[in-house]
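The sequence and coordinates come first.

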Amino acid sequence: MPTLIRLVKYALTQRALVIVTAVVMVASIVPRVALPRLVGDAVDALLTQGRDSLVLIAGLMVAAGVARAVLGYLGLYLAERVGRVTEYRLRNDFVDKLQWLNFGFFDRQKTGDLMSRATVDIDAVDSFISTGVMHGIAYLMLFFLPVVVMLSLNWQLGLIAFVGSLMISGYGVSLAVRLFRIYTHVFQETGRMNTALQESLTGIRTVKVLGAQDYEQRRYRERASAVAASFIRADRLAVTRDATLNFLYAALMATILLVGGWQVQRGVITAGTLATFVLFLVMLGGSIRGLEWRVRLFSTAMAAGKRIFEVLDTRNPLVVAENARELSATGHVEFDSVSFAYTDDVPALHDVSFGLRPGQSAAIVGGSGSGKSTIAHLLPRFYDASAGRITIDGVDVRDVTLESLRRSVGIVMQDVFVFSATIRDNIAYGVDDASMEDVIRAARAAQLHDFIESLPDGYDTWVGERGATLSGGQRQRLAIARTLLLSPPILILDDSTSSVDVATEALIQQAMVQVLRGRTSFVIAHRLSTVRRADLILVLDQGRIVEQGAHDDLMRLDGYYRRIHDLQLRPADELRGFSADA
Amino acid sequence: MATPAAQATRGRTQLDLDHDRQTRYWRTLLWLFRHFRPYRGRLAVAVVAMLAYSGAVVALPWTVKLAIDQLLATPGDDLLGFAASVGIFGLVAAARFVTGLVHSRNMVKISEWVVLDIRTQLVAQLQRLSMSFYDRNQVGQIMSRVQNDVEELADSLWILTLSLASFVSVIGIAAAMLAMDALLAAITLAFVALLIPSLAFWRRIAHRPIRRARETIADVTSSVQENVAGIRVVQSLNRQQQNIRAFHDVNQINLRAALRSARYRYGLWPSVELLAALALAFIILVMGQGIGASLSVGLLIAFALYIERLFEPIRELTGEFGQLTRSLVAADRAVELLEIEPEVRTAPDAAALPPVSGSVRYEHVHFAYEPGQPVLNDINVAVEPGETVAVVGPTGSGKTTFVSLLLRLYDVTSGRVTVDGHDLRDVTLDSLTHQIVIVPQEPFLFSATVRENIRHNRTDLTDRAIIDAAQAVGAHAFITRLPDGYDTVLEERGGNLSVGQRQLINFARAVARDPRILILDEATANVDTETELHIQQALHRLLRGRTSFVIAHRLSTVRSADRILVLDEGRLVEQGTHEELLAQRGLYHSLYTRSILGPETEGS
Ligand SMILES: Nc1ncnc2c1ncn2[C@@H]1O[C@H](COP(=O)(O)OP(=O)(O)OP(=O)(O)O)[C@@H](O)[C@H]1O
Ligand SMILES: Nc1ncnc2c1ncn2[C@@H]1O[C@H](COP(=O)(O)OP(=O)(O)OP(=O)(O)O)[C@@H](O)[C@H]1O
Ligand SMILES: [Mg+2]
Ligand SMILES: [Mg+2]
């Protein structure tokens, strides 16, 4: 119920429009109900040879037709407008909300599922508001107005028609509810089928190299067959129900004919009245089918609305303080006993503390899953630390606006995402009015400019989905260029050159020294050649800092860092041998 | 700047329907009909039932007419004849019930089956299509063909059979009216005929707004897609405000287009209403003049009922604009997808590749993703069984491309690639992928458990084999630390793992398959040195006698290879052992020196 109220509230933000629509809807029913009356009058006029009144009746009929045409058209359009505007508002709010939810929320969601909430579910609400509620008003009128007219014409016949239709519609609605349950199930299965297909298509490369095409297809066919089978079950019930409803209506019609005929015979009613009843009954049948369809729209919209509000109501754990300040960082970063866990039971960081002065560089090394990326994600507040605090220039990151914080902290994420757009748009993604010169400068620094220039379309080259038409290293450099363009005072590179050869990496580093003079930087890397120059090296193990200091300090410590160093650089001696030879 | 997503819909996509393109109605219809062939027996039953059903639908008002005329013709208390005609009405209604059921129950089945066939056919085609297809097209757009278009088709098949029934009844009604009273029937039909030009006119002017609304909703969808799939980038680059603004714009454009389309879509409604009323009024006037056949109350009622029925299908048509047209457009889009020939094809007489010893040859191999932009030039390599071959070179030099050809993700532009002397194009893909496995540069995980991810299509792999593989690549320890161990469900793309962990699971997946030829494409780029060393030792043991290709930028990883290939801008510039190449003091020497002594070192 609260879902219903909230949906209606959304529609009611355009109160005047809703009221006008309702009035038009109701008004458009009157000429429709008049028609059977007029036919009945015509019959009586014909029988009593009162032919003069026929012209009047025909005139009224045309008038009713005109009214019905105009009001009907207006009603259809206005109802659609109410629904569309509601849909528009809801979708805006939905997307606005998504923009500010934290990474934790997206970790748990599936792209396909969020997409279908934003599209299919909101569409369902739209149809419910327009076709369901607004047309529903008309259909209710279309049910009750004829009943009132019939009761006034002849209460016995009217009562039969009324009670009969009520019973039939009761039966119809009860089945509609049952059908709705079956269809909900069918739609869930369909959703699952589509999600699985979507995944096998996004992972098509993997599917192909595993030779899993047949396997995927078999699994799809199984799911699709299940969907087809349950659709058949549901549809069979639906068509049987429809046929039964029609038959019951015919039975009611037969009853009315019999009783009405008997009354005509006794002179209680005229033949015209009987004609009116027959036509009204056809009308009632239509309105019942209509109302019953609304029940279905209603139940679908309730399910859809729940899924939409679930997202809209998600409490964003990233609370920004009321009096949040604008951060204009110089780049003094401090982690103070920071702990963090993605899921309650598994801590990812334990009591991490370190400090970095403006212009200093830090490097983070450690095994897979030791928490390097996690540290990188806490600084721009993609997640909030569960204990301890992180400060920039002495201010807690929770006390500054998210916008200014993220403007100050530029991160190149490990899992590179590239939009399917031109290279230029991708590089300029974070800066609204980037000039071509800026874009080229960033691309040069990331050592991507020459490659881009070698392409026939240069900066206007379209890159495939997720950068499919680029090599691994090209994707990474695109991401670097994108972040460099922001020119942030604090820069984080999360394993951003892992797919780049050493020579190119060296060039990037050289260029970066110029671009980022005086900026604070974090580098996460496995190649020690990349990290050894850092002012501060943090060695992580299972979420704890086990060693920290400069290269020379760590070498003296003779721990993890030293070990890795020896593993990677052992060949250096041999190399010296070669150089000596030559 | 327009949002990338908004442009994406206009982007260089192969699937994008040319907006002015003519739908090939007849061919598509024929294609659709072919799918009904397997069910022709049932279809025949359904059609016969449908004809009978339409007959009953037409007969019902007639029986009402008979009953009422009978009632008014027999004076006094004699209701028996009347009751008998009402009985006939009941019988016809019962016949309508039964035939309707037979028709619709059969059609439900047939149309679901047809849809199932089309769906599986489409998905089979999608699995068959080559990588180049997926490079050019977005999954969202492909999905919309399998999802929305087929659904549209399903709806339409259903509506199609219904409108076929209405069409038959319209003809039946016209006939019945003509039989009852030729003049009145002619008047009514004249009004119906008036609808035809207005229908044609309306279709012409309404077509564009309706289409436009459909196009703008696609922009909305892709804008949402950008905001969902790319949200991490959006947030990290602080682009929320712009995206919100851009989205509101796209959304507003869609709202306007939808409202405009609504104004046109309902455009036919008033004329239908008006013509129906005019027809009835005219008939009453004519009846009042006593022209034509005998005047009868029953006749008037029957005509009132018939007119209602006659205009109904036309009214429905205005609600759902040309459902049939839409369904054909949808079907046409499906056919279009099915007609794309995969670029990588196996000859019909291709044989299965027998178990190979692992000798691989590249002979004068040239390759280009896009015509005119060569990526590999005249590559000649001969690898002996059991050799470990390292492939190194600057980023973008074609290493991944080089191994993709061995997996036949793409076909060579010229030259040939052979395994044990078999040209890859002469063997079945299945038998090839069974023996050659890659650990890809970009790891991919399904949203399934860790165990299912490693096993995937190799349902014959035991749990033991899976754990062994995980142990070999040093993934076992962290997997057991996950909340549910091997049964932990991974999020989309493995989102709840660190990147290195994702790579390790991909690695385990490859090792578990125990391939004859193993390819590692920077398989340990995101993995720490200790784990990497551990993997190397394990592989040494596991891959004894197997051929392997190793791509790596950390050159310490490749020095023990039997042979090193150095690629530069798509050319094989050096090859030989580590020692030989160092002695040559070429590209390899300079790369290696930097990799060991640090990037700042100039190549000595
Ligand atoms: N699917 C594709 N469509 C078009 N061009 C592509 C495609 N994949 C790669 N390329 C281009 O081909 C060239 C070689 O790419 P490849 O992926 O083979 O490089 P790589 O040597 O593996 O580089 P990296 O070390 O960065 O992974 C690059 O210039 C790249 O832009
Ligand atoms: N979104 C997530 N939800 C739940 N757990 C996560 C999530 N991301 C990472 N983890 C877990 O947290 C731990 C730390 O992950 P993190 O990504 O920080 O590792 P990392 O040091 O960056 O490793 P790598 O070198 O492989 O990138 C890992 O055990 C990982 O499984
Ligand atoms: Mg990481
Ligand atoms: Mg590569």
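## Helix 16 of chain B

After helix 16 of chain B comes B:Gly474, which has a positive phi, near 70°. The model is predicted, and this angle, like the other values here, is computed from it.

Helix 16 of chain B spans residues 463–472, and its buried residues include B:Ile466, B:Ala469, B:Ala470 and B:Ala472. Viewed down the helix axis, the buried residues of helix 16 of chain B lie within an arc of 160°, so they line one face. An α-helix has 3.6 residues a turn, so residues three or four places apart point the same way. The exposed residues B:Asp463 and B:Arg464 are carried on the face turned away from the buried side of helix 16 of chain B. Among the elements of chain B that cover the buried residues of helix 16 are helix 15 (450–455), helix 17 (476–481), helix 18 and helix 19 (529–542).

## Domains of chain B

Chain B is divided into four parts: domain 1 (22–181 + 323–343), domain 2 (182–292), domain 3 (347–435 + 516–597) and domain 4 (444–514). The centres of domain 2 and domain 4 of chain B, taken over C-alpha atoms, are separated by 52 Å.

## Ligand sites

Ligand 1 has 20 residues around it, of which A:Ser471, A:Gly473, B:Tyr369, B:Thr400 and B:Thr401 come nearest. The site is shared between chains, because residues from both A and B surround ligand 1. Two elements give two or more residues to this shell: helix 15 (472–486) of chain A and helix 13 (399–406) of chain B. By class, the shell around ligand 1 holds four nonpolar, 14 polar and two charged residues.

Ligand 2 has 21 residues around it, and those that come nearest are A:Tyr342, A:Ser373, A:Thr374, B:Ser498 and B:Gly500. Here too residues from chains A and B surround the ligand, so the site of ligand 2 is shared between chains. Strand 1 (333–343) and helix 10 (372–378) of chain A, together with helix 18 (499–512) of chain B, each give two or more residues to the shell. The shell around ligand 2 divides into four nonpolar, 15 polar and two charged residues.

## A sheet in chain A

In chain A, four strands form an open antiparallel sheet in the order 2-1-4-5. Its edges are strand 2 (346–356) and strand 5 (395–396) of chain A, each of which pairs on one side only.

Strand 1 of chain A, which also contributes to the shell around ligand 2, pairs with strand 4 (residues 387–392) of chain A in the antiparallel sense over five bridges. A:Glu334 has A:Thr391 in strand 4 of chain A as its bridge partner.

## A:Leu7 in helix 1

A:Leu7 is found in helix 1 (residues 2–12) of chain A. With 23 other C-beta atoms within 10 Å, A:Leu7 is buried, since the cut-off is 20 or more. Apart from neighbours within four places in sequence, A:Leu7 is in contact with A:Val125, A:Ile129, A:Ala301 and A:Gly305. The C-alpha atoms of A:Leu7 and A:Ile168 are separated by 30 Å, the two residues being 161 residues apart along the chain.

## Contact between the chains

Contacts join 155 residues of chain A to 153 residues of chain B. On the side of chain A that touches chain B, helix 3 (residues 52–100) of chain A supplies the largest share, 27 residues. The residues on that side of chain A divide into 80 nonpolar, 44 polar and 31 charged.

Definitions and conventions:
Residues are numbered from 1 along each chain as its sequence is written. Chains are lettered from A and ligands numbered from 1 in the order in which they are written. This is a predicted model: local features need pLDDT of at least 70, side-chain atom pairs count only at pLDDT 80 or more; totals for chains, interfaces and linings use all residues. A residue is near a molecule or strand if its C-beta atom, placed from the backbone, lies within 6 Å of it. Ala, Val, Leu, Ile, Met, Phe, Trp, Tyr, Cys and Pro count as nonpolar, Asp, Glu, Lys and Arg as charged, and the others, Gly among them, as polar. Two strands pair if DSSP finds at least two bridges between them. A residue is buried if 20 or more other C-beta atoms lie within 10 Å of its own, exposed if 12 or fewer, and partly exposed in between; C-beta atoms are placed from the backbone. Two residues are in contact if their C-beta atoms, placed from the backbone, lie within 7 Å. The arc is that of the directions from the helix axis to the C-beta atoms. Domain bounds come from an automatic or database domain assignment.
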